[in-house]
Amino acid sequence: MTARSLDRAAVADVVRRSVREVLPDLTPEMIADDSVRLADVGANSVDRVEIVMLSLESLSLAVPAAELASARNLGGLIDLLTASLASRAGATAR
């Protein structure tokens with residue numbers, strides 16, 4: 001998986017797959033809406049960290065923890081990771 005080939009939908013798939021890996025009892029419908037907060041679907045703080053780490057690892061991405069803290073819901077996390085990938089791709093294209 002290359003950074004340049006990932007659009008927001010692909011990043012969303014990665015994040016939602018990570019959520020389901022950590023919280024296998026969730027149905028895809030429960031995390032289909034970008035406004036979903038992970039805490040609201042039963043993710044504790046350890047689960048949330050694991051979801052973020054799995055997503056970052058799958059995307060071969062490193063994002064400072066301070067930036068990750070700004071994501072308030074699933075859509076926020078997806079947007080942040082998508083922007084980080086785009087930024088990295090832009091930096092390597094120069």
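1. Buried means under 20% relative accessible area, exposed means over 50%, and partly exposed is what falls in between. Arg37 has 44% relative accessibility, so this residue counts as partly exposed. The model discussed here is predicted.

2. The core. The largest nonpolar core holds 28 residues. Those with the most contacts inside it are Val11, Val15, Val19, Leu59, Leu68 and Leu81. Three helices supply at least two core residues each: H1 (8-22), H2 (45-59) and H4 (74-93).

3. Val19 as a core residue. Which residues does Val19 contact, leaving aside its neighbours within four places in sequence? They are Leu26, Ile31, Leu38, Ile51 and Leu74. Val19 is also on the list of residues with the most contacts inside the largest core.

4. Ser18, next on the list. This serine lies in helix H1. Its relative accessibility is 3%, so Ser18 counts as buried. Neighbours within four places in sequence aside, Ser18 is in contact with Ile51, Leu54 and Ser55.

5. Thr82. This threonine is found in helix H4. Is Thr82 buried or exposed? Its relative accessible area is 17%, so Thr82 is buried. With residues up to four places away in sequence not counted, Thr82 touches Arg8 and Val11. Val11 belongs to the residues with the most contacts inside the largest nonpolar core.

6. How much space lies in the largest pocket? The figure is about 390 Å³. Its lining has 15 residues, and the closest to the pocket centre are Leu38, Arg48, Leu68, Ala71 and Arg72.

7. Make-up of the lining. H2 and H4 each supply at least two lining residues of the largest pocket. The largest share comes from H2, with five residues. By class, the lining has ten nonpolar, two polar and three charged residues.

8. Salt bridges at Arg8. The structure holds four salt bridges. In one of them the side chains of Asp34 and Arg8 meet, at 2.8 Å from N to O. Asp34 lies in the loop between H1 and H2, and Arg8 lies in helix H1, so the pair ties together parts that are 26 residues apart in sequence. Arg8 also forms a salt bridge with Asp79, with the closest N and O atoms 2.5 Å apart. This pair links distant parts of the chain, 71 residues apart: Asp79 is in helix H4 and Arg8 in helix H1.

9. Accessibility of these partners. Arg8 has 30% relative accessibility, so it counts as partly exposed. Asp34 is partly exposed, with a relative accessible area of 27%. Asp79 is partly exposed, at 39%.

10. The side chains of Arg37 and Asp40 meet in a salt bridge of 3.4 Å, N to O. Asp40 has 55% relative accessibility, so it counts as exposed. Which residues do salt bridges that share partners join into one network? They are Arg8, Arg16, Asp34 and Asp79.

11. Loop residues between H1 and H2. Ala39 is found in this loop. Its relative accessibility is 37%, so Ala39 counts as partly exposed. Ala39 and Asn73 are 34 residues apart along the chain, and their C-alpha atoms are separated by 9.0 Å. Glu29 is found in the loop between H1 and H2 too. At 63% relative accessibility, Glu29 counts as exposed. Glu29 and Ile51 are 22 residues apart in sequence and 17 Å apart in space, C-alpha to C-alpha.

How values were computed. Residues are numbered from 1 along each chain as its sequence is written. This is a predicted model: local features need pLDDT of at least 70, side-chain atom pairs count only at pLDDT 80 or more; totals for chains, interfaces and linings use all residues. Side-chain values use heavy atoms; hydrogens and water are left out. A nonpolar core is a set of buried Ala, Val, Leu, Ile, Met, Phe, Trp, Tyr and Cys residues joined through side-chain atoms within 4.5 Å. Buried means under 20% relative accessible area, exposed over 50%, partly exposed in between (1.4 Å probe, protein chains only). Helices (H or I, at least four residues) and strands (E, at least two) are DSSP runs, numbered from the N terminus. Contact means heavy atoms within 4.5 Å. On a 1 Å grid over the protein atoms alone, a cavity is a set of points where a 1.4 Å probe fits but cannot get out, and a pocket is an open set with protein on both sides within 12 Å along at least five of seven lines; lining residues have an atom within 4 Å of a point. Grid points are joined across faces, edges and corners, and a volume is the space filled by probe spheres set on the points. Ala, Val, Leu, Ile, Met, Phe, Trp, Tyr, Cys and Pro count as nonpolar, Asp, Glu, Lys and Arg as charged, and the others, Gly among them, as polar.
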